[in-house]
Amino acid sequence: MLVVSGPSGAGKSKLVEALRARVPGLGFSVSATTRPPRPGEREGVDYFFLGESEFTDRVARGDFLEWATVYGHRYGTLNQQVDETLRQGKDIVLDIDTRGAENVRRLRPEAVTIFVLPPSPSELRRRLEVRGTDSRDTIEGRLAAAGHEIAAADGYQYLVINDDFSEALSILQAIIIAEKARCFRQQDKLRGFQKQGGFEGFR
Ligand code: 5GP
C-alpha cells in the first residue's frame with residue numbers, strides 16, 4: 001500500500017496517474033467524497049461522489065478505512081476498494097490528506113508513505129491558479145491549509161519534490177521498485193529458494 005499526500009496543487013493526482021500508466025497492475029483507491037465534481041471528473045473513476053447523508057450512512061456502516069474533512073468537504077477511503085485490490089495481489093495507491101495518512105499508518109504500518117511537495121510556495125499558488133477549476137476563495141483556502149499539510153511532511157518515509165515532472169515520476173517509480181525489493185516483502189521467495197535445498201556443499 002502506497003500512501004501519497006501533499007498540498008493541493010503539488011501535482012499529486014497527475015503524478016499518480018502517470019505512475020499508474022508506467023507501472024502495470026498498480027491499483028488506485030477511488031475515494032468517496034461529498035465535494036461536487038469538477039468539470040471532466042467521472043463518477044467511480046476520479047471519485048465516488050456522495051451526498052452528505054449517504055456519506056454519513058457509509059461512515060456508520062463502517063465502510064471507510066479512514067475519512068477526513070478536507071477543505072470543507074468529506075473524503076474517505078473505502079475498505080472495499082483497498083481489500084479488493086490487495087486480494088487480487090496488486091499494489092494500491094491512496095491519494096489522501098495528512099490526517100487520513102496518519103490513520104492509515106496506524107492501521108496498516110506496512111504502508112509506504114510519500115509526501116509530494118512543489119518546488120516553492122509561489123509555484124504552488126501559480127499551479128492552483130492555472131488549474132482554473134477552483135474559485136478564488138477555494139484557492140485561498142487551499143493555500144492557507146498548505147502550511148498545515150506541509151508541517152506533517154516529516155512523518156512520511158519519502159519526500160518527492162515535484163519540480164521537473166518526469167524526474168519526480170522516476171523517483172516515485174524508483175521508490176516502488178526499491179520497496180518491492182525489501183527482504184521482508186520477499187520472504188515467500190526467500191523461503192521457496194531455501195526449501196529447494198542443495199546448500200550442503202556451501203556450509
Ligand atoms: P481534491 O478535492 O483536490 O480532489 O482533493 C483534496 C484533498 O483531499 C487532497 O489532498 C486529497 O489527497 C485528499 N483526499 C482525497 N481522497 C481522500 C480520502 O479518501 N481520504 C482523505 N483523508 N483525504 C483524501
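Colleague: In which loop does Ser29 have its place, and is Ser29 buried or exposed?
Modeller: In this predicted model, Ser29 sits in the loop that runs between β2 (27-28) and β3 (32-33).

Colleague: Which residues is Ser29 in contact with, once its neighbours within four places in sequence are left aside?
Modeller: Contact here requires heavy atoms within 4.5 Å. With the neighbours within four places in sequence left aside, the partners of Ser29 are Thr77, Gln81, Val82, Ile92, Val93 and Leu94.

Colleague: Which element gives the most to the largest nonpolar core?
Modeller: The largest nonpolar core has 20 residues, and of these Leu2, Leu19, Val93 and Ile114 touch the most other members. At least two residues of this core come from each of β1 (2-5), α1 (12-22), β8 (112-117) and α7 (165-180). The element that gives the most, with five residues, is α7.

Colleague: How are α5 and α6 oriented to each other, and which residues make the contact?
Modeller: The axes of helix α5 (residues 121-131) and helix α6 (residues 136-151) come within 10 Å and cross at roughly 155°. Angles over 145 degrees count as roughly antiparallel, and α5 and α6 are therefore roughly antiparallel to each other. The contact is made on the α5 side by Leu124, Arg125, Leu128, Glu129 and Arg131, and on the α6 side by Arg136, Ile139, Glu140, Arg142, Leu143 and Ala146.

Colleague: What is the handedness of the crossing in which α5 passes α6, and how many charged residues does the contact have?
Modeller: The crossing in which α5 passes α6 is right-handed. Sorted by class, the contact of α5 with α6 has five nonpolar residues and no polar ones, while the charged residues number six.

Colleague: How many helices and strands does the protein have, and what percentage of its residues count as buried?
Modeller: The secondary structure comes to eight helices and nine strands, and the C-alpha trace spans about 70 × 40 × 30 Å along its principal axes. Among contacts with a separation of 6 or more, residues 24 or more positions apart account for 64%. Of the 203 residues of the protein, the share that counts as buried is 41%.

Notes. Residues are numbered from 1 along each chain as its sequence is written. This is a predicted model: local features need pLDDT of at least 70, side-chain atom pairs count only at pLDDT 80 or more; totals for chains, interfaces and linings use all residues. Side-chain values use heavy atoms; hydrogens and water are left out. Axes are lines fitted to C-alpha atoms, for helices over the stretch in contact, and angles run from 0 to 180 degrees between N-to-C directions. Helices (H or I, at least four residues) and strands (E, at least two) are DSSP runs, numbered from the N terminus. Angles under 35 degrees count as roughly parallel, over 145 as roughly antiparallel, 65 to 115 as roughly perpendicular and the rest as oblique. A crossing is left-handed if the near helix is turned anticlockwise from the far one by less than a right angle, and right-handed if clockwise. Ala, Val, Leu, Ile, Met, Phe, Trp, Tyr, Cys and Pro count as nonpolar, Asp, Glu, Lys and Arg as charged, and the others, Gly among them, as polar. A nonpolar core is a set of buried Ala, Val, Leu, Ile, Met, Phe, Trp, Tyr and Cys residues joined through side-chain atoms within 4.5 Å. Buried means under 20% relative accessible area, exposed over 50%, partly exposed in between (1.4 Å probe, protein chains only).
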